[in-house]
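Keep it short and grouped by topic.

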Amino acid sequence: MDQNLAHFEFLGTWDSPVVATSIHAGHELRPEVAELMQLDEADRLREEDPYTNLIAQLIGPRVMVNRSRFEVDLNRSRDKAVYRTPADCWDLVVWRDEVLPDDAVERSREEHDAFYAALGERLDELAERGPFVLFDVHSYNHRRDGADAPASPQEDNPEVNLGTGTMDREKWADVVDAFTDSLRGAEVSWGRLDVRENVRFKGANLCQWVHERYPDKGCALALEFKKTFMDEWTGEPDAEHIAELSRALAGTVEPIRAALEANHGLEPRR
């Protein structure tokens, strides 16, 4: 395979039924795309999901995507994975020329193909061993009016938005409850985590793909962490806040495993 397509990494030991992906954490661009792009790097970073790979870092098996979503958005379908007009991406003007070359678009779509083919091989192996849960880890902005403007209202912007809109919710209710109860009960220095379901986001292409490919074995949870763990305008992280979120997320693994063993046929550990 062309090395330009090697834009993601499989990390950890894939011996757990709980895995994590950080598909919007990347910031890199292949040279061809960088030459075509006019979007300011700071604006690009603000719409990416930096540090979500660190939030997921204590989950054993995980995937880190190094390329920017502005090269190829893996959380959209193949035909919509490349932002071609401002309407595709928050009205941002991304490209120097009004028309993006079709051959460049196709090469980015090939990255989409490569990612899903490789992830499918890994998850096929997991599914052969039993049910699994995938954390699709993202983040979202809550200060879109400017660095000095008030944050978006808390009632519409939970600290963690749990997206379950692409799953058979009844089938996986016990897993969803185990996850939510555990994360809400995590000990963090600022009190309790505000975890709510489908308030801002319901999940997108990756979760849909998991549920269609593994209807009886795969449960994908779309996790959107509000960017309280960083300054979304400067890009500066709060390392301790990230570490606490990482520990809290890792703390959900055992309750989820228990639910999978109790109701979904996962073999107990020996």
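Helix 4 crosses helix 6 in a right-handed sense (the near helix is turned clockwise from the far one by less than a right angle). This is a predicted model: local features need pLDDT of at least 70, side-chain atom pairs count only at pLDDT 80 or more, and totals for chains, interfaces and linings use all residues. Residues are numbered from 1 along each chain as its sequence is written, and side-chain values use heavy atoms, without hydrogens and water.

**Helix 4 and helix 6**
- Helix 4 spans residues 102-129 and helix 6 spans residues 205-213 (helices are DSSP runs of H or I, at least four residues; strands are runs of E, at least two; both are numbered from the N terminus).
- Their axes lie 12 Å apart, at an angle of about 45 degrees (axes are lines fitted to C-alpha atoms over the stretch in contact, and angles run from 0 to 180 degrees between N-to-C directions).
- Helix 4 contributes His 112, Tyr 116, Leu 119, Gly 120, Leu 123 and Asp 124 to the contact (heavy atoms within 4.5 Å).
- Helix 6 contributes Asn 205, Leu 206, Trp 209, Val 210 and Arg 213.

**Nonpolar cores**
- The largest core has 36 residues (buried Ala, Val, Leu, Ile, Met, Phe, Trp, Tyr and Cys joined through side-chain atoms within 4.5 Å; buried means under 20% relative accessible area, with a 1.4 Å probe and protein chains only).
- Phe 135, Phe 179, Leu 221 and Leu 223 touch the most other members.
- Helix 5 supplies the largest share of this core, 5 residues.
- Another core, of 26 residues, lies apart from it and includes Leu 123 and Val 210.

Conventions. Buried means under 20% relative accessible area, exposed over 50%, partly exposed in between (1.4 Å probe, protein chains only).
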